[in-house]
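Biologist: Hi! I'm new to this one, could you walk me through it?
Modeller: Happy to, let's bring it up.

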Amino acid sequence: MDDTTDTDGTTDTDAPASDSTAATYSAATADSTTTTDTAATADDTTGTLDEALERLHGSGPERNGWLSNHGPMAVEALVRHGQAPAVHRWLDHYGRKLEDMPDTATRVTAENWREALGDPRRIADWTEYFERETAERPWRDVLAEWWPRLLPGIAAGATHPVIRVGHSVRTLLTGEATAPRITELAHGLGYWAARHQPLPVLAPLAPAPTAAAALDAVPPVPEQDGGIRDRLAQLTAFPVWPQRFTDDPDEARDRLTELVRAATHRFATHGHGEPIMLVHAATAPNAVLRTLPALPRALWVPSLGAAWAASAAVTAAYSPAEAAPYTPATASADELFARAAAHGDDHTIKFTDTALDVGDETALAAALRSIELNPPAL
């Protein structure tokens, strides 16, 4: 879901139509930092991020039915990449689209959570539950308990909840765990629990040697129209990737890094098929990659499997039949992100943030492609 496309992948007709190279992502540390990051942007000594999150937490994670609130994710990326002075102006524009958090209905508890899982009517109940949990326990403990419960439903909300959690965890890992940042994690987890959506059981296809080859081998869904729920229901089989099962957490992290790079690169050649929805083939697995350092290592291997399923599902649902040429980016990473910020589209901002995590020439070209393809919002 987003400001122009819901989780069904349908267009929001009320949305306005015009509404130096970064360092390669480190597989050794998987800390999501690039050379564009500074202490000020990582920890936001301006206080802008906390102010923006506090403004956003009165709003629900969705609007107009199934449209997603991208505000918390976009402002985190803006601040991280040195665009804190632009955050409140961006939020003044974006915030007009948002709706209040819905009312609570029935309290979610440790005893009844299973019956509430995947019930979007319980978004406020789930948010309140995780606010209580993170107030009473360390946020890492709450995340470690709920990550394996939520991971099978990674396709929830067209993958937006896991992306929101990934942005939140990155902030908590790189800066002070302030009250607004912990509350943001509670909102992300609550959104994921309410929209929890497992993929159908899939048959294995021939193994692929690389993540790029695996994405290329993903069969498109037969009916390339309708919303994402209709498209995901058509999934039947994915290529086996990685070719060899691993039980090594470090290898799982490395393969996940490879997947993020491959999906980011593929947007340069295939993003024209559906430029809003296809960004999630990269941003969803990157959200998982950003979360790994906060998780017990025993959860890294299953996280790889879920991230691959999410990326492959989006690829199957929206990829065009043919690749297209792209223009190499001549701007630096900082310049590209400044262009994304001025462009204003939330998906463009978040995808450029992921492209800078990858940081190579093709990733920067993919970021430029997203700026070109998506309609500006400012």
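Biologist: Is R132 buried or exposed?
Modeller: R132 is buried, because its relative accessible area is 18%. Buried means under 20% relative accessible area, exposed means over 50%, and partly exposed is in between, using a 1.4 Å probe and protein chains only. Keep in mind that this is a predicted model: local features need pLDDT of at least 70, side-chain atom pairs count only at pLDDT 80 or more, and totals for chains, interfaces and linings use all residues. Residues are numbered from 1 along each chain as its sequence is written, and side-chain values use heavy atoms, with hydrogens and water left out.

Biologist: Thanks! Which residue forms a salt bridge with R132?
Modeller: That's E128, and the closest N and O atoms of the pair are 3.6 Å apart. A salt bridge here is a side-chain nitrogen of Lys or Arg within 4 Å of a carboxyl oxygen of Asp or Glu.

Biologist: And where do R132 and E128 lie?
Modeller: Both are in helix α6 (residues 123-136), four residues apart, which is about one turn of the helix. Helices are DSSP runs of H or I with at least four residues, strands are runs of E with at least two, and both are numbered from the N terminus. E128 is partly exposed, at 31% relative accessible area.

Biologist: How many salt bridges are there in the whole structure?
Modeller: The search finds 23. One of the pairs is D92 with R55, whose closest N and O atoms are 2.8 Å apart. D92 lies in helix α4 (residues 84-94) and R55 in helix α2 (residues 48-56), so this pair ties together parts that are 37 residues apart in sequence.

Biologist: Which residues are linked in a network of salt bridges?
Modeller: E76, R170, R290, D353 and D357 are linked that way.

Biologist: New topic. Where is D250?
Modeller: D250 sits in helix α12 (residues 249-270). D250 counts as partly exposed because its relative accessibility is 28%.

Biologist: What does D250 touch?
Modeller: Leaving out residues up to four places away in sequence, D250 touches R297 and W300. Contact means heavy atoms within 4.5 Å.
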